[in-house]
Amino acid sequence: MVKFIKSIPMAIAAAAVLAVMPVPEGSPLANAAAAQEAPKKKQKTRKVPAMSLDVHKQVQKAQEAMDLSDIPAAEVFLQKAMEKRNINDYEKAVVWQMRAMIAFEKENTPDTIRAYEMILTFKESIPEALEMQIIYGLAQLYFSEENYTKSLQFVEDWQRKVDPTLVGVAQLTFIGQLHYQLSDFSKSLDYIYQAISQAESIDTVEVKENWYNLALSAHWELNQYDKVRDVLEVLLIRWPNPTYWSQLAGIYQELGDEETSFSITEAAYKQGFLDDNEQRLINVAQIQLAREAPIKCAWIMKRGLDDNLIEDTPENQKLMGQCYLAATEYRKALEPLSIAAGAESDGDLWLQIGQVQMQVDRYADAEASLVKMQKAFEDDEENLKKNKAKLLAGVMMHGQVLTELKRFDEAKRAFSKAARLSNEAKDRRAVANWRSYLAAEEAREQMLTGR
């Protein structure tokens, strides 16, 4: 699942604070405000009281102190301004704006919020456009504090009062994030798709990857897997991140289209997108085995082990050996299987190795493997009864191998052990048949050697 931010940077909070400050015409802040999108509908105006010379002097001194990073001095000047007789609401709003800036400098979000809310108590004495910016700024600040319910209250207040034509991409994506945090995923999707649509209609606005990630996560939460697939395909085309390949393969599997899922996974592997994730490489190998392409499984595991992309563990060696075995590459299977069996003292695996070695006429190696098989099973006293049938099969094979190696006395002892392990008539018949074969082979050998 995609993880999304739960707070906005303090820099955003600062920008919101600065945006509502009444500043002299021609100042850098005024220029920044003028650079913003012009209103498409004439904004209502309010009569704003004038600022007295005494208050202006204290505010100017506070600003100069802040420019010198002398916050304590700035706070003193602002307090003096507030203590002036007959200070009007507009002047109080300006002082609280300065205090908001100080709170931001101290990275104190709660105090910044308090300052914003104090400004709103004087809203009839500030321009309505600035009031809207303050309300929206409070929504952002409460969001940064993870108080999403309070943030929504200010967003809804802002939406009721602002001209809808002035709601831009940034605001739409923010509101989409807010609804996501409140688990209102349908509304979140409404806003994020509005933002994407608006951005695509404006040449100067770039659609962001994280907008689609928000939509992706919301669709996941709503179990809308077909929509998840659609969003992932867009992400993969525009931002070909390896993660999206794996997620897209997974969602196709969730939708029941395993063939497409396998094809996407293999394509991601061939492009090297999975090389930084060991488990994904192993999964790709296992997929090839499931698709009855075991040699591809073996190739993937060998490359991963050779290039240190996959950890050299008995389990991974065993998987590679099993893949070679399934591909009938018996000789290539033996080394990794032997490494795995030796590390884990695995009786089943030693039995399988012995069978393969017999099949490729490596009887001396098979004899050694079958001895290890017996030891592994017999040392596991807890499961010995459960493994008795396998042990019997291995002892029988051991007798066969010793017969082929013309170690007749040892073969006799092996078949005697097999007879003791046999409880069923068919097993006893098999032992008797092998003993007859052993006697014949021993007689033939004596005749050939003249002994």
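These are numbered notes on a predicted model, taken one feature at a time.

1. Start with the disulfide. The count comes to one. Cysteine 297 pairs with cysteine 323, and their sulfur atoms are 1.9 Å apart. The pair links distant parts of the chain. Cysteine 297 sits in helix α16 (residues 294–306), cysteine 323 sits in helix α17 (residues 314–326), and 26 residues separate the two. A disulfide is a covalent bond between the sulfur atoms of two cysteines.

2. Are cysteine 297 and cysteine 323 buried or exposed? Both are buried.

3. Next, look at glutamate 128. Its place is in helix α7, which covers residues 128–144. Its relative accessibility is 18%, so glutamate 128 counts as buried. The cut-off for that label is under 20%. Now find lysine 161. Glutamate 128 and lysine 161 are 33 residues apart in sequence, and 9.4 Å apart in space from C-alpha to C-alpha.

4. Asparagine 387 lies in a loop. That loop runs between α20 (363–379) and α21 (388–404). Asparagine 387 counts as buried because its relative accessibility is 7%. What does asparagine 387 contact, leaving aside its neighbours within four places in sequence? It is in contact with Phe377 and Asp380.

5. The crossing of α11 and α12 is left-handed.

6. Which residues make the contact between α11 and α12? From α11 come Glu209, Tyr212, Asn213, Leu216, His219 and Trp220. From α12 come Tyr225, Lys227, Val228, Val231, Leu232, Val234, Leu235 and Arg238. When reading such lists, keep the helix repeat in mind. An α-helix has 3.6 residues a turn, so residues three or four places apart point the same way.

7. Finish with helix α23, residues 425–449. How many residues does α23 have? It has 25. From its first C-alpha to its last, α23 reaches 36 Å, close to the 36 Å expected at 1.5 Å a residue.

8. The buried residues of α23 are Asp427, Val431, Leu438, Glu441, Glu442 and Glu445. What covers them? The cover includes α21 and α22 (408–421).

Notes. Residues are numbered from 1 along each chain as its sequence is written. This is a predicted model: local features need pLDDT of at least 70, side-chain atom pairs count only at pLDDT 80 or more; totals for chains, interfaces and linings use all residues. Side-chain values use heavy atoms; hydrogens and water are left out. A disulfide is a pair of cysteine sulfur atoms within 2.5 Å. Helices (H or I, at least four residues) and strands (E, at least two) are DSSP runs, numbered from the N terminus. Buried means under 20% relative accessible area, exposed over 50%, partly exposed in between (1.4 Å probe, protein chains only). Contact means heavy atoms within 4.5 Å. The expected span of a helix is 1.5 Å times one less than its number of residues. A crossing is left-handed if the near helix is turned anticlockwise from the far one by less than a right angle, and right-handed if clockwise.
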